[in-house]
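Trainee: I'd like to learn how to read a structure, step by step. Could you walk me through one?

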Amino acid sequence: MFEKVLVANRGEIAVRIIRACKELNIRTVAIYSEADANSMHVQLADEAICIGKAAASESYLRIDRIVSAAEITDVDAIHPGYGFLAENAHFADVCESCNIRFIGPNSRAMNALEDKAVSRALAKKAGVPTPPGSEGVVENEQDALTVAKRIGYPVMIKAVAGGGGRGMRVAHNDISLVKGFHTARSEAEKAFGNSGVYIEKFIENPHHVEFQILGDNRGHIIHLGERDCSIQRRNQKVVEESPSPLIDNKFKKLREKMGKAAIKIAEEANYTNAGTVEFIVDNNGNFYFLEMNKRIQVEHPITEEVTGIDLVRYQIMLAMGEPLRHSQSDIQFKGHAIECRINAEDPFDDFRPSPGRIEMYYQPGGRGVRVDSHAYAGYTIPSAYDSMIGKLITYGKDRREAMDKMSRALSEYMITGIKTTISFQQAILQDPNFRRGVYSTTFIEQLLSGARRELIEEKA
Amino acid sequence: MRKNSISEFELENQVFKIKMKRGTNGGGAAVSSEDTPVLTYVQPQMAAPPAISASVPAPSNELEIKSPMIGTFYRAPSPESAPYVEIGTEVHPETVVCIIEAMKVMNEIKAEAKGVVTQVMIENAKPVEFGQPLFKIRPN
């Protein structure tokens, strides 16, 4: 059993990890930058070490400082959370070589899935469908044109090292392809230090459906069902739900098929601990592997609510060397869960970030309502990090109940002093298409342009 | 660096006294309150918590040498040697004032100031975090 764990992260996920540790009677060490001295995760941990200035490059990304902090506090393991160093194979290696267990996948599995092109090749090997596209990196514009001719327009040019929805270009013809090929490459070089791009068929109105995976060190892998994350704004998730209404309403057989495919990917990579396999699904029920996320994800709570399984606790147990306690048939799905991400952004000003001091904070409660947040009254949100201040999760016996609870909970959620996306989330929950469960990744764009049209018509 | 401790009260009875210390941030204790107050692990009170400001500013013209890294603080180059500096030692910007050991590497920390050491703020072989005050210097 681990006696002490260092949490190499901040914000709500650091709080989440500390909670899981406390429940297992594991002592916790928080690391924090100077900007996070008053953050909730620092208050909750048993020990706290300042590791640098506000910028992530000076603190949360500093492997040397984090490992030093782990050494002087003599921890058994490090949980990397999500983002920052969570999918950094070098960090995982450094931890292990310092005799500190890394609570996440082994570095070999990380390397087997290290970028999108490599992952595509792995998926092909595993016999899992991928969007038609190039074999690997496309070296020059002639090759790009050849690939596009083979798979047919429209196509998407994607940076192999891209992430967070960046480094992508859509092309509908040869001219835009050539242009997009060159701009994507230079953008990728600047943003990720890697100009490699590959080409995939662009699937219009796709649905984003991902599967939660758990694997132990004996090679057993199970999936815990899907999460539908199609409600996105600029490729950032806004609302997630489980189960997926697309699967439940239209393509029931996909759950088993895609679940099996997700496991095949994880097995091919010799994956251990928690991970998520992402797919896109088109309107005809064809699914394609996108990529695998080698970490615990932001939206993990909805899977926890529907399966009754504590995923962060499971990560810790698996890292300690324990075998999986569930077989695939043990996993049951009950009820419906929805998560709304609450960001410190102004939805009425193009989602401009709104850091600052929270004056009044009242979070919703009651049956079937869960809030995972590090926010509190009097807390000053630093400007150095992302704008997510919490997650609101509701659980009901069916989708209708989960939605009603979410609307009710959003209406109670009071945060003053900063702008938040609470009202925007409420607009999504009230939208008739959302309520019907009929939406794809174009949902928010359509919602916003419809809203703008109304505003314009109103003013006219 | 800050460590939470647990509730403080003195329970006096004829047989024994139990003392538990309470942390400064007022956090609840993870103590089992089932039967008798348990003889719980009492933690040594650590240096001032990070709280609202990073550190209390040095009075008047004194300045602080702060730790640029995380590690273990050593006052001397080796256990047998004399400390690099004592109270009253004159330092220049290039003067090595201490060692901070991180991951088996001994890092020499320079004063980066000119003046006289007026206070040594950390005990030998204690862990230090980023930004933690190590010495007070009166500039001259």
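Mentor: Let's start with a definition: helices (H or I, at least four residues) and strands (E, at least two) are DSSP runs, numbered from the N terminus. What we have here is a predicted model, where local features need pLDDT of at least 70, side-chain atom pairs count only at pLDDT 80 or more, and totals for chains, interfaces and linings use all residues. Residues are numbered from 1 along each chain as its sequence is written, while chains are lettered from A and ligands numbered from 1 in the order in which they are written.

Trainee: Which elements does chain B run through from the N terminus on?

Mentor: Chain B reads β-β-β-β-β-β-β-β-β-β-β. That's eleven strands and zero helices.

Trainee: How much of chain B is buried?

Mentor: A residue is buried if 20 or more other C-beta atoms lie within 10 Å of its own, exposed if 12 or fewer, and partly exposed in between, with C-beta atoms placed from the backbone. In chain B, 24% of the 140 residues are buried.

Trainee: Over in chain A, why is helix 3 called largely enclosed?

Mentor: Eight of the ten residues of helix 3 (residues 63–72) of chain A are buried, so the rest of the structure largely encloses it. Among them are Arg65(A), Ile66(A) and Glu71(A). Just after that helix, Asp74(A) takes a positive phi of about 55°.

Trainee: Now sheets. In what order do the three strands of the open sheet in chain A come?

Mentor: Strands of a sheet pair through backbone hydrogen bonds, either parallel or antiparallel. Two strands count as paired if DSSP finds at least two bridges between them. In chain A the order is 7-6-8, with antiparallel pairing. Strand 7 and strand 8 (197–201) are the edges, each pairing on one side only.

Trainee: How many bridges join strand 6 to strand 7 in chain A?

Mentor: Four bridges link strand 6 (residues 155–159) of chain A to strand 7, and Met156(A) has Val170(A) as its bridge partner. Between strand 6 and strand 8 of chain A there are five bridges, and Lys158(A) stands opposite Tyr198(A).

Trainee: Which residues of strand 7 in chain A are on the covered face?

Mentor: In a regular strand the side chains alternate between the two faces of the sheet. For strand 7 (residues 168–171) of chain A, Arg169(A) and Ala171(A) make up the covered face, whereas Met168(A) and Val170(A) are on the uncovered one.
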